[in-house]
Amino acid sequence: RRSADLSEYSDLPGDADNDGKLLRNDALAALRHVMRVEDAANPAVIDFNRDNALSIDDAQAILKYVFR
């Protein structure tokens, strides 16, 4: 066993679907999470704008980043 096991969760900011990449799907997953439609696979990284709140603003910030 390796001394440093990798976490099953991505630490990539905004990677709400936990696939290790930041794509438009993450913005949708973040939006669905904050609207309480469906839990995100990795809610710990949704606070993309780092304001200590999960909101629609995070989904918007993820989209702006992806399409920059």
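Colleague: Which residues make up the largest nonpolar core of this predicted model?

Modeller: A nonpolar core is a set of buried Ala, Val, Leu, Ile, Met, Phe, Trp, Tyr and Cys residues joined through side-chain atoms within 4.5 Å, where buried means under 20% relative accessible area (1.4 Å probe, protein chains only). The core has 11 residues in all: A16, L22, A27, A29, A30, A40, I46, F48, A59, A61 and I62.

Colleague: How far from D26 is the nearest side chain of opposite charge?

Modeller: D26 lies in helix α1 (residues 24-34) and is buried without a salt bridge. A salt bridge is a side-chain nitrogen of Lys or Arg within 4 Å of a carboxyl oxygen of Asp or Glu; Lys and Arg count as positive, Asp and Glu as negative, and His and the chain ends are not counted. The nearest side chain of opposite charge belongs to K21, at 8.9 Å.

Colleague: Which residue forms a salt bridge with E38?

Modeller: The structure holds 1 salt bridge, and its closest N and O atoms are 3.0 Å apart. The partner, with a relative accessible area of 33%, is R32.

Colleague: What conventions apply to numbering and to the values?

Modeller: Residues are numbered from 1 along each chain as its sequence is written, and side-chain values use heavy atoms, leaving out hydrogens and water. In this predicted model, totals for chains, interfaces and linings use all residues, whereas local features need pLDDT of at least 70 and side-chain atom pairs count only at pLDDT 80 or more.

Notes:
Helices (H or I, at least four residues) and strands (E, at least two) are DSSP runs, numbered from the N terminus. Buried means under 20% relative accessible area, exposed over 50%, partly exposed in between (1.4 Å probe, protein chains only).
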